[in-house]
Amino acid sequence: MNHDSSLVNRLTDRLIAGELRPGERLSETALAKEFDVSRNTLREAFRVLGEQGLVTHIPHRGVSVASPSTADVVDIYRVRHHVECSVLEYAPRNHPNAVRMEAAVEAAEKFAAEENWLEVGTANMGFHNAVVSLSDSRRLMRSFANVLAELRLAFLKVEVLDFLHAPFIERNREVVEIYRSDGPGAAAARLAVYLGDSERQVLGAYARAGQD
């Protein structure tokens with residue numbers, strides 16, 4: 001992996017973890033120092049992230065974290081339906097990465113008990129990342145990381161984290177249990193309903209917040 005792609009991955013991981021906020025201005029000087037890279041390397045990483053829709057570049061104002069629109073949310077969920085449900089439907093019944101799904105649910109339950117909703121969100125991202133890991137495709141995993149980063153920005157934009165995450169902790173567990181007991185096809189069907197409900201909740205939160 002070259003230096004530029006490694007930096008892109010590290011910045012994407014920060015987005016998924018909710019450490020960078022929608023609309024936040026990114027300082028070249030501070031980030032170059034933090035990651036111990038040249039500003040040229042950082043600019044190349046920004047270029048790649050811009051192509052992925054994760055940052056925006058405004059002439060004379062620099063680079064900022066992207067702020068997903070309502071149309072972006074609809075498209076994010078369109079991709080999620082295609083990718084997550086297909087991967088789960090065709091996954092082997094006893095894929096070893098299913099333990100990652102279970103671990104993510106357990107982490108979310110722990111953080112919910114502490115009312116640490118930012119970490120619940122990170123655990124939720126981990127659950128959906130684990131679902132896609134059932135594909136055994138590194139390329140698909142890399143692509144889906146961009147989708148998760150955009151999704152996290154959408155959640156942070158409306159900042160109703162308990163409302164958005166709390167109902168889905170138990171539903172994540174249901175997906176895992178159905179996968180274990182009834183098989184991948186049944187779990188994928190449950191996940192499809194779940195994603196539809198999640199999309200409606202996020203779009204509703206956008207509408208209430210007056211977001212476009």
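Reader: Which residues touch the most other members in the largest nonpolar core?

Author: Leu88 and Met101 do, in a core of 63 residues; a nonpolar core here is a set of buried Ala, Val, Leu, Ile, Met, Phe, Trp, Tyr and Cys residues joined through side-chain atoms within 4.5 Å, and buried means under 20% relative accessible area, with exposed over 50% and partly exposed in between (1.4 Å probe, protein chains only). The largest share of this core, 11 residues, is supplied by helix α7 (residues 138-158), helices being DSSP runs of H or I with at least four residues and strands runs of E with at least two, numbered from the N terminus.

Reader: Before we go on, what are the ground rules for the model?

Author: This is a predicted model, in which local features need pLDDT of at least 70 and side-chain atom pairs count only at pLDDT 80 or more, while totals for chains, interfaces and linings use all residues. Residues are numbered from 1 along each chain as its sequence is written, and side-chain values use heavy atoms, with hydrogens and water left out.

Reader: Back to Leu88, then: what does it touch?

Author: Setting aside residues up to four places away in sequence, Leu88 touches Val131, Leu134, Val175, Tyr179, Pro184, Ala187, Ala188 and Leu191, where contact means heavy atoms within 4.5 Å.

Reader: How do the axes of α4 and α6 cross?

Author: The axes of α4 (residues 70-89) and α6 (residues 117-133) come within 8 Å and cross at roughly 60°; axes are lines fitted to C-alpha atoms, for helices over the stretch in contact, and angles run from 0 to 180 degrees between N-to-C directions. That makes α4 oblique to α6, given that angles under 35 degrees count as roughly parallel, over 145 as roughly antiparallel, 65 to 115 as roughly perpendicular and the rest as oblique. On the α4 side the contact involves Arg80, Val83, Glu84, Val87 and Leu88, which meet His128, Val131 and Val132 in α6.

Reader: And α5 against α6, is that roughly parallel or roughly antiparallel?

Author: The axes of α5 (residues 98-113) and α6 also come within 8 Å, but cross at roughly 170°, which makes α5 roughly antiparallel to α6. Among the residues that meet there are Met101, Ala104 and Phe111 from α5 and Trp117, Val120 and Phe127 from α6.

Reader: Changing topic, what are the domains, and how many residues are in contact between them?

Author: The domain assignment gives domain 1 (2-65) and domain 2 (70-209), with bounds that come from an automatic or database assignment. Their centres, taken over C-alpha atoms, are separated by 25 Å, and 12 residues of domain 1 are in contact with 13 residues of domain 2.

Reader: Last one: is Ser64 buried or exposed?

Author: Ser64, in strand β3 (residues 62-65), counts as buried because its relative accessibility is 14%. Leaving aside neighbours within four places in sequence, Ser64 is in contact with Gly23, Glu24, Arg25, Leu26, Val55 and Thr56.
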